[in-house]
Amino acid sequence: MTRLPKNCWRWSLVALAIFPAWSCTPNEETLSRAGTPEQRAALFDTIIALTTSREAFSPAKEQHWDSDPLMSMAAYRDEVVGADTEEALFYALEKISNARNDRHLDIGLVPGGLRLAESAGVEGGVGPTHLAPVRILPDYGDPSVYFVADVSEDPAHFPEGEAEPGDQVISVNGRPMAEYETAVRPYQASSYKANLRWRLAEDITARTAIMPASFYGDGLNLELVGEDGTVNTVILPYLHPDSIPWADLSEPNYPGFQLEHSTPTYDLYLPDDGRSVLVLTWYGFRETMIDDVDELMDLAVEGEWLDHDLIIDGTRSGGGSAGAYAVQRFTPKPFKTTFGNLRISDVVPLFTESKRREIGAGGSMDSGVPEAMDDGSWLMEWLDTDVADSVATGAGYTNNVPFKLAHAPKNSDGILQPAATHFRGRLVCFFVPRRGSHLDQFASIVKDNDLGHMIGMTPGGYSNTWEWDEVLYFPGTDQPVVRFMWNVGHSIRPNGEILEGNPAHPDELVPLTRANFRTYYADLLRRAMAYLGD
């Protein structure tokens with residue numbers, strides 16, 4: 001696929017002009033928060049110029065979507081210029097951001113910038129997201145089908161019609177499903193098609209400011225087709241999430257296993273019959289992960305489980321950091337970790353100083369997770385040498401280094417050894433396209449190093465090593481508009497491929513469908529036990 005030439009549409013000239021414009025003194029007249037058509041046109045050109053110079057594009061992702069991000073963004077120019085209200089401009093800018101097909105990137109409200117009448121679900125907003133009392137999932141055996149996968153157990157939550165698990169959704173708030181998908185697609189940030197369908201399904205039942213208020217009514221109106229072919233219309237109230245007692249029909253369950261121990265990072269299950277296998281329902285790689293994994297290893301020593309096989313269910317996991325720390329304890333094999341790089345642009349010096357301040361203040365390098373093997377010196381040494389040299393020579397990207405320099409220094413080959421205490425059995429992993437980020441890195445480490453057997457589907461298909469965000473102003477003024485983000489660095493799989501839009505694929509593909517959602521986890525577990533020979 002051919003990307004737009006860098007000298008197209010005057011982007012180069014715009015890029016030279018924008019930084020002096022941002023340093024101008026404030027205009028004497030009070031500016032409208034939505035700006036003038038001329039200001040909105042200049043803002044659009046600024047965004048395109050910055051994206052052209054900063055974004056770490058993924059050719060694999062562009063091929064997956066069969067789209068060029070800059071051309072996709074350009075399609076919204078007239079909408080931005082014509083957006084003469086704050087709400088219209090916000091959603092036009094959201095469409096521009098999402099046109100890059102990047103799950104990590106969004107826009108946010110900022111003090112003095114655009115305002116929304118309802119802002120729940122958007123950064124800076126107040127109030128919780130409200131949900132209808134059903135859960136909807138996509139049928140991965142049929143790209144046109146979405147279905148009810150779970151319901152509230154409170155009959156009072158269904159005052160107008162009934163929804164049954166397995167019902168197919170054929171319209172949402174009066175829009176046929178295909179029309180609804182097309183209408184909401186520009187408001188969805190997603191790097192991979194399978195993840196897009198999951199997120200779209202989840203958002204059908206959520207009332208937030210991610211989409212304009214015109215998409216919502218007082219309740220959620222669904223037209224459903226039952227498994228017996230009966231057509232039914234149901235109008236559902238929007239409720240506080242904590243008030244819904246879910247039946248959990250489509251949530252992880254493992255017949256023949258009992259819950260033994262829980263932490264914020266995982267739930268641990270043991271078999272009823274004493275077989276030498278453990279199941280972990282994995283929830284993410286966040287603040288307590290290292291402590292939680294250390295606790296798991298203490299339990300494994302105490303319970304004499306280190307020779308057990310390990311099944312990790314990542315279908316409910318989110319992202320985070322330091323996944324290599326967990327992998328070092330889950331396998332007896334050495335493995336290559338993920339790598340990353342930075343695209344060279346005006347952001348890099350600012351990024352370097354931001355990391356210097358963060359590390360100097362004792363902060364970690366990602367989302368509050370303490371890094372396992374370094375205090376930030378490996379990262380700063382790379383930024384001050386190799387990265388600075390890349391800036392000086394005008395390189396397109398830096399060299400690839402172990403992911404965020406968290407587990408190995410810049411000159412390392414990225415091969416990590418098992419921890420002193422580690423599981424010695426076989427490894428099986430379950431994934432679906434619900435979430436990604438560091439989960440995608442974890443899956444790629446398992447897949448590319450042949451550490452275990454993957455069953456189910458791909459993870460969500462998104463991972464960037466670094467992002468950058470800043471407040472956008474109307475050029476030539478001090479009027480803030482929104483916070484905007486860029487992906488400024490690739491995550492590199494152990495096999496050398498860019499990870500964004502390019503997830504690890506399962507060894508056994510088991511699509512989640514309307515027909516199997518009730519027994520999906522039992523089927524994954526049965527397949528895992530067959531692979532393990534039990």
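Buried here means under 20% relative accessible area. All views show a predicted model.

**View 1. Helix α2, residues 37-54.** Of the 18 residues of α2, 14 are buried, so the helix is largely enclosed by the rest of the structure. At 1.5 Å a residue, these 18 residues should span 26 Å. The end C-alpha atoms of α2 lie 25 Å apart, which agrees.

**View 2. The ring pair F431 and F442.** The structure holds 15 aromatic pairs. In the pair shown, the ring centres of F431 and F442 are 6.5 Å apart and the planes meet at 70°; because planes over 60 degrees apart count as edge-to-face, the pair is edge-to-face. F431 belongs to strand β18 (residues 427-431) and F442 to helix α13 (residues 438-448), so the pair links distant parts of the chain, 11 residues apart. F431 is buried, with a relative accessible area of 1%, and F442 is buried at 4%.

**View 3. The ring pair F484 and W486.** The centres of these two rings are 5.0 Å apart and their planes stand at 55°, so the pair is tilted. F484 has a relative accessible area of 0% and is buried; W486, at 0%, also counts as buried. The charged end of R54 sits over the ring of W486, 4.6 Å from the ring centre.

**View 4. A cluster of aromatic rings.** Ring pairs join Y266, W282, F285, F330, F423, F431 and F442 into this cluster.

**View 5. K336 over F339.** The charged end of K336 sits over the ring of F339, at 5.2 Å from the ring centre.

How values were computed
Residues are numbered from 1 along each chain as its sequence is written. This is a predicted model: local features need pLDDT of at least 70, side-chain atom pairs count only at pLDDT 80 or more; totals for chains, interfaces and linings use all residues. Side-chain values use heavy atoms; hydrogens and water are left out. Helices (H or I, at least four residues) and strands (E, at least two) are DSSP runs, numbered from the N terminus. The expected span of a helix is 1.5 Å times one less than its number of residues. Buried means under 20% relative accessible area, exposed over 50%, partly exposed in between (1.4 Å probe, protein chains only). Rings of Phe, Tyr and Trp (its six-membered ring) pair if their centres lie within 6.5 Å; planes under 30 degrees apart count as stacked, over 60 as edge-to-face and the rest as tilted. A charge sits over a ring if NZ of Lys or CZ of Arg is within 6 Å of the ring centre and within 35 degrees of the ring normal.
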